[in-house]
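Here's a walk through some side chains worth a look. Have the sequence and the model open and follow along.

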Amino acid sequence: TYTYEITAVYDLTPYGYAGQTGESMVEGPIQVSVIYGDELPFFENFTTGLFTTNRWTVDGANWRIAGQAGNPAPSAEFFFSPKQTDYALSLTSYWLNGTGYVDGSIYLDFDIKLKDQNATGDEKLLVEVFNGSAWSTVETFTAEGDMDWESKHIDITGRAKNKVFRVRFTAEGKDTYDIYNWLIDNVHIYRECAAPTDLTAEVNFPYLTQVILNWEAPSGGGTGPGVSGWLKWDNGVNDDAIGLNGGGTFNVAVRFTPTQLAQYAGTSLTKIRLFPYSDGGSLKLKVWTGANASTLVLTQPLASYTGGQWNEFNLTTPIPVTGATELWFGYEVTHPD
């Protein structure tokens, strides 16, 4: 996310101040969120025989396409030759766009096979995810004997959801001659929402043309209720107030950026607290999204409020927090003199 401000610099020579300049007031700030990366779902079975097709990054000469091996062939192979010692060499995906998802989980599926040589336990294959700031390991395979093809299913939601992320397979160890090869195939990265459960059906006698369906809401597959908390700039203590001479209407809002909302991505704004200084006016809760509050997404009139203290209101429509755009929330007040 990039934040910009702009000023105008003026040449004051025509006004009798040769060689001097003057600078205007600041306009802005304005934020631009640059979202990039391949969209999900992502699938790679290496059938083109090239890592460059889907823009994989390869370390060293040991990673190659195995044209005669795979599930089915071809596949990505980490080969023992050329000999490497005290090594860590990666096959890294291009950037993947996990932003904009409110619900569901993101999964990494792949097939893996190992042909071992000496079963030392010193050679490993790490599966890692980059969340935009750091790599973390989500699975480790150790060379302690041959592995036939196995299909793996890994939940990477916490590292990938509402992030621009990458995945890599890192072969590391003391001596590549202690293995023959690692094989990777059918890499699939995707978002999936949990399905409802316990679907039942019964005919609504005596109305034979009516069928009653019952089911349970999904209980898993997402990230749960997520982080809960109050977003605020104040210390909780009211200090003074503003109003319009002669009365009128104006709007008040607090602003939070995508960076500040990152930990709340996937949750919803459900409540607003505000401190009306006095009685006698009318209030509407409001929520905006986008730079400079460009999109109004909620207007909720309030039937009543109590002046001189904090008031807490539930939103009739919870507002999803994506973490990919600014969130502004507050109120509109109309008041007398």
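Let's begin with Leu213, which is partly exposed because its relative accessible area is 47%; buried means under 20%, exposed over 50%, and partly exposed in between, using a 1.4 Å probe and protein chains only. Leu213 sits in strand β19. Strands (E, at least two residues) and helices (H or I, at least four) are DSSP runs, numbered from the N terminus.

A quick word on the ground rules: this is a predicted model, where local features need pLDDT of at least 70 and side-chain atom pairs count only at pLDDT 80 or more, while totals for chains, interfaces and linings use all residues. Residues are numbered from 1 along each chain as its sequence is written, and side-chain values use heavy atoms, with hydrogens and water left out.

Leu213 belongs to a nonpolar surface patch with Leu199, Val203, Phe205, Leu208, Val211 and Trp215, and together they have about 800 Å² of accessible area. Patches take residues with over 30% relative accessible area and no salt bridge, joining nonpolar side chains (Val, Leu, Ile, Met, Phe, Trp, Tyr) within 5 Å and like charges within 9 Å. The areas come from the Shrake-Rupley method with a 1.4 Å probe, and for residues only the protein chains shown count as cover. Two elements, β18 (197–203) and β19 (211–216), each give two or more residues to the patch. β19 has the largest share, at 3 residues.

## Aromatic pairs

Across the whole structure, a search turns up 18 aromatic pairs. Rings of Phe, Tyr and Trp (its six-membered ring) pair if their centres lie within 6.5 Å; planes under 30 degrees apart count as stacked, over 60 as edge-to-face and the rest as tilted. Take Tyr36 and Trp95: their ring centres are 5.8 Å apart and their planes at 70°, so they're edge-to-face. This pair links distant parts of the chain, with Tyr36 in the loop between β4 (27–32) and β5 (38–39) and Trp95 in the loop between β10 (85–92) and β11 (96–97), 59 residues apart. Tyr36 is partly exposed, at 38% relative accessible area.

Phe256 is in strand β20 (residues 248–256) and Phe329 in strand β25 (residues 327–335), so the pair ties together parts 73 residues apart in sequence. Phe256 is buried, at 5% relative accessibility, and Phe329 is buried too, at 9%. Back with Tyr36 and Trp95, those two form one aromatic cluster with Phe130 and Trp135.

## Salt bridges

How many salt bridges does the structure hold? There are 10, counting a side-chain nitrogen of Lys or Arg within 4 Å of a carboxyl oxygen of Asp or Glu. One of them joins Asp38 to Arg55, with the closest N and O atoms 2.5 Å apart. Asp38 lies in strand β5 and Arg55 in the loop between β6 (42–44) and β7 (57–58), so this pair ties together parts 17 residues apart in sequence. Arg55 is partly exposed, at 40% relative accessibility.

Arg168 and Glu128 also meet in a salt bridge, at 2.7 Å from N to O. Here strand β16 (residues 164–175) supplies Arg168 and strand β13 (residues 124–130) supplies Glu128, so parts 40 residues apart in sequence are tied together. Both of these residues, Arg168 and Glu128, are buried.

Then there's Glu312 with Arg273, whose closest N and O atoms are 3.9 Å apart. That pair links distant parts of the chain, from strand β24 (residues 311–321) for Glu312 to strand β21 (residues 267–274) for Arg273, 39 residues apart. Glu312 is partly exposed at 43%, and Arg273 is partly exposed at 39%.

## A buried asparagine

Is Asn186 buried or exposed? Asn186 is buried, because its relative accessible area is 17%. You'll find Asn186 in strand β17 (residues 179–192). Its side chain makes a 2.7 Å polar contact with that of Asp111; such a contact is a pair of N or O atoms within 3.5 Å, where within protein one must be able to donate a hydrogen and the other to accept it, and residues adjacent in sequence count only if both atoms are side-chain atoms. Leaving aside residues up to four places away in sequence, Asn186 touches Phe43, Glu44, Asn45, Asn71, Asp109, Phe110 and Asp111, where contact means heavy atoms within 4.5 Å.
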